[in-house]
Amino acid sequence: MSARNQYLQSRHTNEIIWPEDRADPEAVRLLKNIGTLFICPDDGGQEYVKPRRNAALLWKGDVILWAGSEGELPGNRDLPEPDESFDAEGRVVIPGLIDCHTHLAFGGWRPDEFELRSLGKSYEEIAAAGGGILSTVSATRDTSEQDLIRKSAGLLEEMVRLGVTTIECKSGYGLTLEDELKQLRVYRSLKNSFPIRMMSTFLGAHAIPPEYRDKRGKYVRLVTEEMIPAVTEAGLAEFCDVFVDAPAFTIEEGEVILEAGKKAGLIPKVHADQLTANGGAELAAKVGAVSADHLECVSDRGITSIREAGTVAVSLPLATWYLRKEPLPARKLMEAGVPVAVSTDFNPGSAPSFHLPMAMHLACTLQYMSPAEVLKGATIYAARALGVNNVTGSVEPGKKADFVELDTESVNHWLYHFRPDAAARVWSEGACLVTRQRN
């Protein structure tokens, strides 16, 4: 049974379009009467989102042809006439949101840990008592591939309805060869079924599994000599990630794993400096990682290193909020010239919410980022963190037609007056996936 059919058996939410349901790929479409279009170009700095009032957007198939002021469109003879027109009704239009750091497929949940943290227990104390990542590892190993597909598909549709059109998904809750491959196969099934862009990350180095607690070197060899070759041979991932921190892997172990991944063709990413300032950012720069994620405890040297390496800093404010940790120094990173992406870190323990707009709101309130800076962080800079900024992340000619119509008067108002369902229409590669009636 296909991933789509498995999902359709149990879905209860609004209809979304599927790849085979899409209209003519050669059709030219026009979205007019846009109140403000936020283009979010890759240049110009974190705050430069290039708003255009009274705008329109023209695309053919899945590629944008033109974006700008509606009044300029009629006189442009180089553009084709639209086959179909849509009215944005004065809404704000932004690029499709990009969640560039998630742990989508997992078994079980961990609500008891939420209670323990509410009573003052720390992340480290909970992990030492048998909770944390390893409790989800046990649940994921016990969950079938088909059940993981069904659960993940339901979560994924909810994310799409928020305006997410690109998502990165990590393994890391298997920690055996077969269970890591199982998680990554779940993502491949969803990628073949869902009409959004999905990218997969191998995170076999998420934690030392209990059976290797006293054999760390043997587990590192399992990751480098068996898991990475199997993942790449099956074409199951684009990236290789390592959790480098006190409860997980050392800098030396992380470098060995990331270099093995690079040699096999996987792009490096790093869970860096989340709990301690142990040089994770410096490692990310050394191996040429496309992103360094977390960075709550990043050092000045680490900031300089990732700036010089061109590595994107990925902020995960939901995790710092749930864990009651100090967030990464976003203002300091931006002032140093480091692009800051914003993502959810969706996982069952430290960030059990997939709500990217909520993460964006928290980036404003906890990290002292402006709404414009946060918007760029969840669009073009998140695309940069996945190496797809030449494909998506901004509303510009030549890019994929990934964009969201927001039922709000401005981005400032959207992130200030937080609502769970502001996305009126969600478009991915030129197709309208979700339509919500205006309140």
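This is a predicted model: local features need pLDDT of at least 70, side-chain atom pairs count only at pLDDT 80 or more; totals for chains, interfaces and linings use all residues.

Student: Which residues does the UniProt annotation "binding site" cover?

Tutor: The unreviewed UniProt entry gives His101, His103, His271 and Asp345. UniProt annotations may be inferred rather than shown by experiment; positions are in the numbering used here, with feature names shortened.

Student: Why do they gather at one spot?

Tutor: They span 245 residues in sequence, yet no two of their C-alpha atoms are more than 12.4 Å apart, so they count as gathered at one spot.

Student: Where is His103, and is it buried or exposed?

Tutor: His103 sits in the loop between strand E6 (97-99) and helix H2 (111-118). Helices (H or I, at least four residues) and strands (E, at least two) are DSSP runs, numbered from the N terminus. His103 is buried, at 2% relative accessibility; buried means under 20% relative accessible area, exposed over 50%, partly exposed in between (1.4 Å probe, protein chains only).

Student: What does the side chain of His103 make a polar contact with?

Tutor: The side chain of His101, at 3.3 Å. The side chain of His271 also has a polar contact with that of His101, at 3.4 Å. A polar contact is a pair of N or O atoms within 3.5 Å; within protein, one must be able to donate a hydrogen and the other to accept it, and residues adjacent in sequence count only if both atoms are side-chain atoms.

Student: And where is His271?

Tutor: His271 is in strand E10 (residues 267-272), and is buried at 3% relative accessibility.

Student: Switching to the core: which residues have the most contacts inside the largest one?

Tutor: Ile94, Leu104, Met360 and Trp414, in a core of 125 residues. A nonpolar core is a set of buried Ala, Val, Leu, Ile, Met, Phe, Trp, Tyr and Cys residues joined through side-chain atoms within 4.5 Å.

Student: Which helix gives the largest share of this core?

Tutor: Helix H7 (residues 216-233), with eight residues. Apart from that core lies another, of 16 residues, including Leu57 and Trp59.

Notes
Residues are numbered from 1 along each chain as its sequence is written. Side-chain values use heavy atoms; hydrogens and water are left out.
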